[in-house]
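Let's take a walk through a protein model together. Have a look at the sequence and the 3D view, and then we'll go through some of the details.

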Amino acid sequence: MDTGSSGPQAPASSPNQPPRPEVQQASSTPAPHYNDSRSPGSQNQQPGPQQQPGSQGQQPGPYPGASPYPGSPQQPGGPQQPGSQYQSGSAQSGPYQTGSGPEANRTGSGPGQSQAIPQPAPAPGFAGPATTATRADARPERKKRRTPLYIALGAVALVIVLVVVGFLVVNTVNKNNYGPDKVAEDYVAALSKGDFAAAEKIAPSPRPEGTNLDLLSKEFTDASSAKVENAKVESSEIDGDKGTVVVSYELDGTEYNVELSAKKEGRQDLFFDKWSLTGPALNVISLDVPASDGLSINGKDYKAKAGTTSFAVYPGSYDFEIPKSKWVSEASDTAAVNFPQAFAPGDEPSNDEVAPTTLNLDLSPTSAFQKEVQKQVEAELKKCFDNKDIKPKCKFIKFDPTEIPVGGSDKKLSDLAKKDTAKWEVKDMPKVKADFSSGDTNTGSFFTDEPGKFDFTVEGKKQGSSYFSNGNTLSVSGSVKIDGDKLSVEFFDF
């Protein structure tokens, strides 16, 4: 007997099966169709024994009331197989059975007709095909939605870690390679070499405006008898954007410390601090440089302009010397200087103000100069006294016979003296002393050191008469002009 006909459902052939109620004809709604031979969710089911038409059915498994799979063939009236835990894909259980036969994918009793069959609730712990599919589909979607969030959180955490690590690395590199003490190492290296010009570029030192920097050159510092040696960085402190570096050094065998001020000036190489240093205040040597034939400093020739010059100097010894010439004796002076604010190790930094060291190069004339000036003065005096007139020939001679009254008369000597009979005679030449002008060896002056004497006589108009004045004091003064090896003098009129 064929149990899969599409007509009215036949009664069960087994006496043990209860009669199946008649299914009412429903609207023509096609049942879901599956390409696989198994229904959705059947992956966990074990296939039952092969069924033959008219043979016995399967015993429902341990999940009573499980939803039947649409389109599964059903053997009406067949006995159920006891002991089977899973339903086969070809058996249905429960009070409602689907049709079988050519239209097995449809329910109902009529051709092409289907009737929605109420489904009982699934047993606890078992979900029907729809529920199983929904959960399986939902889980990947939840995982997929959370993956970008995890990636974003991981990226943020990585960025934070990188920032923290970068901050620590930058701080470490800053401290070890870009701190103010590292800049100071270049400064002390230049200091130890006596290259004060290079040290000044690294850490410029405060100095009075207008000071001369020529003596920072190695040309003059290398020949110093007292040099800066063994300079090194002792310590450094940073307070925000400011800092202090302590440098130690030896000068003429004595150890000193001095402070450098540091200031942060921004960044370099994108991430690292840039520090600038200010060196200690410099000492100043003030010198009246004469306009002489030459000047040497620490044995090296130096072309200096005449006048007062202030030299900014680093610690050391500086010997100034004007070499001897025909008219100028050798002149020299030495200045030994340190940083004004240097202090001994263990002491507090000094706050002493910069006080210029003044040198006096006393330019003294040679004996040859003195003799030549005296000679020139006497030669000029002879010109003044080569005079037959009653009036003085040179204005510096203040003796004027024309104004002398003649005793016993109301007339003056000019009225009684015979014309061109006067005689001026130097009895003792005055002794003069000459020197150079201040800061200049091209000019000088002379003055009377020991006065001289002269006599004056004149014949009178009256025959046999004469007038005279003997032992008159003679003093002179004037200027000296030096032109190489030649000298000339000129008397002052006063």
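A salt bridge here is a side-chain nitrogen of Lys or Arg within 4 Å of a carboxyl oxygen of Asp or Glu. The idea is simple: side chains of opposite charge can pair when their charged atoms come close. By this rule, the count comes to six salt bridges.

Before going on, keep in mind that this is a predicted model, where local features need pLDDT of at least 70, side-chain atom pairs count only at pLDDT 80 or more, and totals for chains, interfaces and linings use all residues. Residues are numbered from 1 along each chain as its sequence is written, and side-chain values use heavy atoms, with hydrogens and water left out.

Here are some of the salt bridges:

| Residue with Asp or Glu | Residue with Lys | Closest N to O |
|---|---|---|
| D273 | K264 | 3.7 Å |
| E380 | K383 | 3.3 Å |

What about E380 and K383? They sit three residues apart in helix 5 (residues 367–385), so about one helical turn separates them. Helices (H or I, at least four residues) and strands (E, at least two) are DSSP runs, numbered from the N terminus. E380 has 23% relative accessibility, so it counts as partly exposed.

Now for the rings. Rings of Phe, Tyr and Trp (its six-membered ring) pair if their centres lie within 6.5 Å; planes under 30 degrees apart count as stacked, over 60 as edge-to-face and the rest as tilted. A search of the whole structure turns up 18 aromatic pairs. One of them is F196 with Y314, which is stacked, at 4.6 Å centre to centre and 10° between the planes. This pair links distant parts of the chain, since F196 is in helix 3 (residues 196–202) and Y314 is in the loop between strand 8 (307–313) and strand 9 (316–322), 118 residues apart. Are these two buried or exposed? F196 is buried at 3% relative accessibility, and Y314 is buried at 0%. Ring pairs also join F196 and Y314 with Y249, Y256 and F339 into a cluster.

S317 lies in strand 9 and is buried, with a relative accessible area of 6%. Leaving out residues up to four places away in sequence, S317 touches S224, S225, A226, N298, T334, A335 and A336, where contact means heavy atoms within 4.5 Å.

Finally, look at strand 1 (residues 228–239) and strand 2. They run antiparallel and are joined by nine bridges; two strands pair if DSSP finds at least two bridges between them. D239 stands opposite K242 in strand 2. The hairpin has two residues between the strands, and G240 takes a positive phi near 70° there. Why is strand 2 (residues 242–251) called largely enclosed by the rest of the structure? Because seven of its 10 residues are buried.

Key:
Buried means under 20% relative accessible area, exposed over 50%, partly exposed in between (1.4 Å probe, protein chains only).
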